[in-house]
Amino acid sequence: MTDTLLAAEGVTKEYSIGSRTIAVLRGVDFALARGETVALLGSSGAGKSTLLHVLGLLDSPTAGRVAFEGRRVDDLRIDERARLRHARIGFVFQFYHLIPELTAYDNVRLGSMMDRGLFAWLRTRRALSARSKDLLERVGLGERTSHRPAELSGGERQRVAIARALIAEPAAILADEPTGNLDSKTAADVLDLLFGVSRERGLALLLVTHDEALAKRCDRVVRLHDGRIVD
Amino acid sequence: MIRAFSAFLALRYLRSRWINVLGTLGIAVAVWALIVVIAVFSGFIGEIRGSIRNATPDLLCTGLAPGASFAPIDAVLRAEQDVVATAPRLRHHAMYFPHGRGQRMQATRALATNPLAFDAVELVGIDPAAERSVTDLTHWLERAAGAAPEAAPDATREAGVTDLQRPFDVPREIEEQHALRSGASLGPNRLLAASPGILVSRRRMTTSWLERGQQLDVVTGRFERAEFGTQLLRVRRGFAVSGAYDTGHRILDETTAFVGIDELRDVLGFCVDDPFATAPQDVVSDVAIRVRDGADLAAVALRLEAALRRTADQAMAGARVLTWEEQNRVYLGAVGQERAMMKLVLFAVMLVAASLVYGTQHMTVMQKIKDIGILSSMGASPRGVQQVFLLAGLVVGLLGCGLGVAGGLLSVHWLNDVNDWSRRQLGIELFPTELYALDRVPYAIEPVWVAQVAFAALCVAFLAAWFPSRRAARMDPVLALAYE
Ligand SMILES: Nc1ncnc2c1ncn2[C@@H]1O[C@H](COP(=O)(O)OP(=O)(O)OP(=O)(O)O)[C@@H](O)[C@H]1O
Ligand SMILES: [Mg+2]
């Protein structure tokens, strides 16, 4: 693939605990093309989440580079990285990570408020609110918009999280074991949804999973082993 | 820029945490107290300044040598174009023994509580006609007689002088009546010559059990040149209370009695009717000065002082000219100081409120560590995260501030109604107006002070929220996401 969206070049990540240094990533080279779905496999503790965080600019690599659309981004200022993360990358986590005080609708709406000033948002709030409603509709939660996360099932929460990841119209979704906490039937439904929206919108999808069968549904499977990517 | 999500979340976090009401109330109470207490304090100070102003001449020339003559000083003072009028004054300390007080005190069984049989006063000799043109003498007399609109409730006609123009005259029949009533030792011959009058304050009239027409034995001492150095001469002179005055300035009223200046000169041995006397006949210790309205008192005082000292006259070499504020510098300074202390003490309440805000915001941040990670993953910058908690603190500050200012202004506005109501219904007087001989609680709202308090409250809330919010902003998003 030539149309690379997100790339890691020789990324290493080390954690030092006391005097000991643990190298979790030891020179990862990886590229995610536009619209491509990739499954990332690896044993527990292999560094899959770490790689995802580095690619999503949530964490910075110890060495190496992260490039977005061919531009180096890991050395950007922290607020520029935040803006890029908001605009181009959507995260979906294993434990949903919704804000407990907010309803499903507000959780999704919140995603449209991150890079706007209060007054700019107030001016466009009608359109943005309608978008939030549409997205909840799309993930099958049109009837549950006013429920708080605690009042939703695991599968429903994950749908809300997916809607939230989509609100800013990102180019890539980074999903960290999105179905790890769900029974197989619900998991299949959620994955269908993820693949569905990624196809509809031409989103790249990087899916961290333990499940080989699920991985087969992706265009490509990569494995993280010993701190390196092995195809 | 205020980010939309920061404002949105700040309000949601506040709404789901009732403990923030505490912070709001804390700020509100602090602001309220700072406004109400200082308004009343300023009211009192205004009242005190007003009464001092009424009781004090614009300027007072003092520090003259003993036995200084009025005429040459007066000439220097009047040469200044801003001086409108002058009045001679002679001050001397004395004690007085009222005749017949024993019977009155026995009758009211007051002896036990007031064992002092004599009172010390500062006698101030004045020339009523000149004094009237410099100070509010007429008004002081009217107040004591209950004739002035703002006279104290216990002012009575019986305390007033009979003739405002001649305040030291005692009607013969009143004096005689009095003497007959009280003095068994007093022969009728003593009354052939009328006693000179003395004006005591209305307050002293009550506390010393005095009445108009009553005889006072005024006792004082003076130094006289003797063969070897000087000797102390005791002087005793009978006066009759001609009436009361009331300047409204408590300290002055409590310590001062007015007599005719010639009378006092006579007591002190400056023979006013002796054409062969060597000492000047118009002896003064001070000169009260009235200055043209609108003139700069301090500047005029300086010019006069310089003019007095320029003369070669030994009597004026140490002359000082004090403005009415300088004459009461210690007292005015003390009340000002008290208000400043009060501000400081009340500001401590604000600090307590601040710690409430700090506590709740800190708690919120600790409870919301995971949310901070989530927000970061959604693309919130550290600055945006900080804003969430900063705005929450600011909203608490704004609400508290608004409540406090509104409550404070309303409280001050209804102060007297509330005070009256609580006195009638509960028997508790929140502000003891009696104590200060006022018929209502004075207050003065200074807009600048209210603005300062409001601004300070906002700053305090902002600072109190700033530390927790900075902590939130500095959190590592990955660790925050993993936080359990
Ligand atoms: N902040 C940290 N400090 C020290 N070590 C860390 C830190 N974060 C992660 N690690 C270590 O890095 C390694 C990789 O962690 P990571 O969460 O990326 O693994 P993973 O592949 O996602 O595992 P799992 O499949 O269980 O989620 C682990 O051994 C972990 O202990
Ligand atoms: Mg993981």
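This note sets out points on the ligand site, the chain interface and the salt bridges of the structure above.

1. Basis of the note. The model is predicted: local features need pLDDT of at least 70, side-chain atom pairs count only at pLDDT 80 or more, and totals for chains, interfaces and linings use all residues. Residues are numbered from 1 along each chain as its sequence is written, chains are lettered from A and ligands numbered from 1 in the order in which they are written, and side-chain values use heavy atoms, with hydrogens and water left out.

2. Surroundings of ligand 1. The shell around ligand 1 holds 14 residues, of which Ser44(A), Gly45(A), Lys48(A), Ser49(A) and Thr50(A) come nearest; a residue is counted as near if one of its heavy atoms lies within 4 Å. The site is shared between chains, because residues from chains A and B surround ligand 1.

3. Make-up of the shell. By class, the shell around ligand 1 has five nonpolar, seven polar and two charged residues. In this scheme Ala, Val, Leu, Ile, Met, Phe, Trp, Tyr, Cys and Pro are nonpolar, Asp, Glu, Lys and Arg are charged, and the others, Gly among them, are polar. Strand E1 (4–17) and helix H1 (48–55) of chain A each supply at least two residues of this shell, and H1(A) gives the largest share, three residues. Helices (H or I, at least four residues) and strands (E, at least two) are DSSP runs numbered from the N terminus.

4. Polar atoms at the ligand. In the side chain of Ser44(A), an N or O atom is 2.6 Å from an oxygen atom of ligand 1. Polar side-chain atoms of Lys48(A) and of Ser49(A) each lie 2.7 Å from an oxygen atom of the ligand. The protein covers 64% of the 640 Å² of accessible area that ligand 1 has on its own (Shrake-Rupley method, 1.4 Å probe; for residues, only the protein chains shown count as cover).

5. Extent of the interface. In chain A, 28 residues are in contact (heavy atoms within 4.5 Å) with 27 residues of chain B. The two chains bury about 2,400 Å² between them, 71% of it on carbon and sulfur atoms; buried area is the accessible area (1.4 Å probe) that two parts lose on being put together, summed over both. His97(A), Glu101(A) and Met114(A) supply 26% of the area that chain A buries against chain B, more than any other three residues.

6. Salt bridges. Three salt bridges are found across the interface of chain A and chain B, a salt bridge being a side-chain nitrogen of Lys or Arg within 4 Å of a carboxyl oxygen of Asp or Glu. The side chains of Arg17(B) and Glu101(A) form a salt bridge at 3.1 Å, N to O. Over all chains, the structure holds 42 salt bridges. Within chain B, Arg91(B) and Asp286(B) meet at 2.6 Å, N to O. Arg91(B) lies in strand E3 (residues 83–98) and Asp286(B) in strand E10 (residues 286–291) of chain B, so this pair ties together parts that are 195 residues apart in sequence.

Definitions and conventions:
Polar contact = N/O pair within 3.5 Å; in protein donor to acceptor, adjacent residues only side chain to side chain.
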